[in-house]
Amino acid sequence: MIKFIHIADVHLGAQPDAGKAYENRRARELWESFERVLNLCNEEGIDLLLIAGDLFHAQPLLKELKEVDYLFSKLVKTQVVLIAGNHDHMKGSSFYHSFKWSANVFMIKDPIKETIEIPGLNLLVSGFSYHEREILIPQLKKLPALESSKNQILLLHGGDQKHVPFTKEMLRGLNYDYIALGHIHKPEIVIAGKAAYAGALEPIDRNDVGKHGYIYGELAKGKTKITFVPFAKRSYVNLDIKVNQSMTAYEMKDEVVKEIKELGVNNIFKVRLRGYRQEQISLDLTNFDTMGNIIDLMDDTRPFYNFEKLRKNNQDNIIGKFIEEFIDSDKESIEYEAMIQGITALMEATRI
């Protein structure tokens, strides 16, 4: 049995979005999580580490390749196979071209297809590296598995219109025991036991919400079992806070703090306040980020008005007549929203 870990989109060298508490740490944490994966390989006796592109966020410096190779050289049992993705593509001056890796590391450099036999594992690994930032033409017709009695794995970076477009049906037709996918940052098992996106090892920007980690797999006698394993130090979390008209501004702030503590103070939050607030409240959002881990804080609340009372008290002026025009509208309609916005403006203008 071959035990493997599949990672992708590590983006070493990136400067991820972070709350104030983590802004000086996040770039280093990408390296730390990568090193933790390698330590795990030693602890668990992993046979194979697959890296499906974008190990680096940009063209790696020579010193960065040396650092990574030193970490690879500390692997006791694990052999490593990697390809270059669109971010760290092998342009003409890339140090990837001439770099000499440790004996347990195999880089697939060919821009079309290359197949490597992994010593001692009865395994062939195929794939190709990017030599340009974009590959617009589907490449899968060039990538079917070889006729062989050995187990076969494919490394493939892409899946959108500008980066090797393909469909699930195309992947099924390639006849590999496993296809290790990269480029899409959200982890996804595309074909059960056959193909998966590992996703970004750590979330890189505020759109990388949800869990991140790696794929653990076992390959034996032509059958593959795969599982996604959460591993990231932090996650980006969308947090919606429901507000009602009885809450004060301090209560709203306390609700944000409570939810963040429950979901994990190590995470990084995009907070949205929703619902109806007291019409007199004017929110000062600058004081809400008490723990320094909010990167977005949006006030989508609307002032709560007793429109019936307002209409009765203002029957003979523009406020009453404006309410009369819209009061029967559905609360989720554009018309009802227009009434709220209009009354807010009128109330401010007349200082009632």
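Author: In this predicted model, three strands make an open sheet in the order β13-β14-β15. The pairing is parallel. Which strands stand at the edges? They are β13, residues 236-243, and β15, residues 294-304. Each has a single partner strand, so one side of each lacks a neighbour in the sheet. From one strand to the next, the twist averages 10 degrees.

Now the pairing itself. β14 covers residues 268-278. Its parallel pairing with β13 runs over 8 bridges.

α4, residues 249-263, lies across β13, β14 and β15. Its direction is at about 145 degrees to β13.

Tyr236 leads on to another part of the chain. β13 spans 236-243, and Tyr236 is one of the residues in contact with Pro16. Where is Pro16? It sits in the loop between β1 (2-7) and α1 (26-44). Is Pro16 buried or exposed? Its relative accessibility is 9%, under the 20% cut-off, so it counts as buried. Beyond its neighbours within four places in sequence, Pro16 also contacts Arg26, Ala27, Leu30, Pro203 and Ile204. Take Ala27: it is 11 residues from Pro16 in sequence, and the C-alpha to C-alpha distance is 6.4 Å.

The loop between β1 and α1 also holds His11. His11 is not a glycine, yet its phi is positive, at about 60 degrees. At 1% relative accessibility, His11 counts as buried.

β11 and β12 are antiparallel, over 8 bridges. Glu218 has Lys225 in β12 as its bridge partner. Both strands belong to an open sheet of 6 strands, in the order β4-β3-β2-β1-β11-β12. Pairing in this sheet is mixed. β4 and β12 are the edge strands. Each of the two has a single partner, so one side is left without a neighbour in the sheet. Direction ignored, neighbouring strands are turned by 20 degrees against each other on average.

α1 lies across this sheet's β1, β2 and β11. It runs at about 175 degrees to β1.

What is the core made of? The largest nonpolar core has 36 residues. Ile7, Phe34, Leu49, Leu55, Phe72 and Trp101 have the most contacts inside it. Elements giving two or more residues are β1, α1, β2 (48-52), α2 (62-73), β3 (79-83) and β4 (105-108). α1 gives the most, with 7 residues.

Look at Leu49 in detail. Leaving out residues up to four places away in sequence, Leu49 touches Ile5, Ile7, Val37, Leu38, Cys41, Phe72, Thr78, Gln79, Val80 and Val81. A second core is separate and has 24 residues, including Ile2, Ala8, Ala52 and Leu121.

Terms used: Residues numbered from 1 in each chain as written. Predicted model: local features only at pLDDT ≥ 70, side-chain atom pairs only at ≥ 80, totals over all residues. Heavy atoms only, no water. Pairing = 2+ DSSP bridges. Helix = DSSP H or I, 4+ residues; strand = E, 2+ residues; numbered from the N terminus. Axes fitted to C-alpha atoms, helices over the stretch in contact; angles between N-to-C directions. Contact = heavy atoms within 4.5 Å. Buried < 20%, exposed > 50% of the residue type's maximum accessible area, 1.4 Å probe, protein only. Core = buried A, V, L, I, M, F, W, Y, C linked by side-chain atoms within 4.5 Å.
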